[in-house]
Amino acid sequence: MGTEAERKLTITCDPDTKAYIFYVNYTYHEQFVQVKDEKELSEYFRSLATSLIQRNRFPTVLYFIIETPVNYGAASSLVAKLKEKIVTFVDTIKNEFKGVDGKIILLSPQQYKGSVPKQIYQNRVMKVYEDKIHDLLLNRVDSVKDDCKADLIDCFCLFLYADGELKKGGIFAKPIKHS
């Protein structure tokens, strides 16, 4: 994703009806975030944008990696609500980072997880990133107070997949050295 000259802010999102659930990755800043509404979403990214401006580290490109909702028939109204929420999510963030090019990558669960069940996929990632994910979960921004741990881990997996570190099904692109 991108070139070395780019200062890329990557935001991954696993849409949920009750919250905005996402992972933010930018140079020395990474965080899991769960906020309940557009106001909190805007406040979070306004604060982040202000901080990056003050440190002269404003991004040159935004990458949005979003898990697209899948319609399994009876849930079509739910899928429509999630799609609306995705549009609001992207528009709200782009509003806080005016003038920054935004690139959107939409991935279905099938595209990055394949046919591997969620728990097995996440267990593969946890074996390698357990400490990092634990720290991110402890230091998350969370106004929802709902256990969305699996969705947050999905957001991290989306990032690893889009960044080329994971292949479909949770297989690591490079061999992992075990100590």
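Trainee: Quick one before I set anything up: what relative accessible area does E43 have?

Mentor: For E43 the value is 38%, which makes this residue partly exposed. Here buried means under 20% relative accessible area, exposed over 50% and partly exposed in between, with a 1.4 Å probe and protein chains only. Bear in mind that this is a predicted model, where local features need pLDDT of at least 70, side-chain atom pairs count only at pLDDT 80 or more, and totals for chains, interfaces and linings use all residues. Residues are numbered from 1 along each chain as its sequence is written, and side-chain values use heavy atoms, with hydrogens and water left out.

Trainee: Got it. Which residue forms a salt bridge with E43?

Mentor: That would be K39, with the closest N and O atoms 3.8 Å apart. A salt bridge here is a side-chain nitrogen of Lys or Arg within 4 Å of a carboxyl oxygen of Asp or Glu.

Trainee: Nice. What is the distance for the D151 and K118 salt bridge?

Mentor: In that one, the closest N and O atoms of D151 and K118 are 3.6 Å apart. D151 is in helix 5 while K118 is in helix 4 (residues 118-138), so the pair ties together parts that are 33 residues apart in sequence. D151 is buried at 16% relative accessible area, whereas K118 is partly exposed at 32%. Salt bridges with shared partners bring K113, K118, D151 and D154 into one network.

Trainee: Helix 4 again, then. Where does N139 lie?

Mentor: N139 is found in the loop between helix 4 and strand 6, which spans 141-142. With 54% relative accessibility, N139 counts as exposed. If you want a distance to check, the C-alpha atoms of N139 and Q119 are separated by 23 Å, and the two residues are 20 apart along the chain.

Trainee: Changing topic: in what order do the strands come in the sheet?

Mentor: The sheet is open, and its 6 strands follow the order 5-4-1-2-3-6 with mixed pairing. Strand 5 (101-107) and strand 6 are at the edges with a single partner strand each, so one side of each has no neighbour in the sheet. Two strands pair if DSSP finds at least two bridges between them.

Trainee: How many bridges join strand 3 to strand 6?

Mentor: There are 2 bridges between strand 3 (residues 29-35) and strand 6, and these strands run parallel.

Trainee: Last one: which residue of strand 6 is the bridge partner of V33?

Mentor: V33 has V141 as its bridge partner there. Happy modelling!

Technical notes. Helix = DSSP H or I, 4+ residues; strand = E, 2+ residues; numbered from the N terminus.
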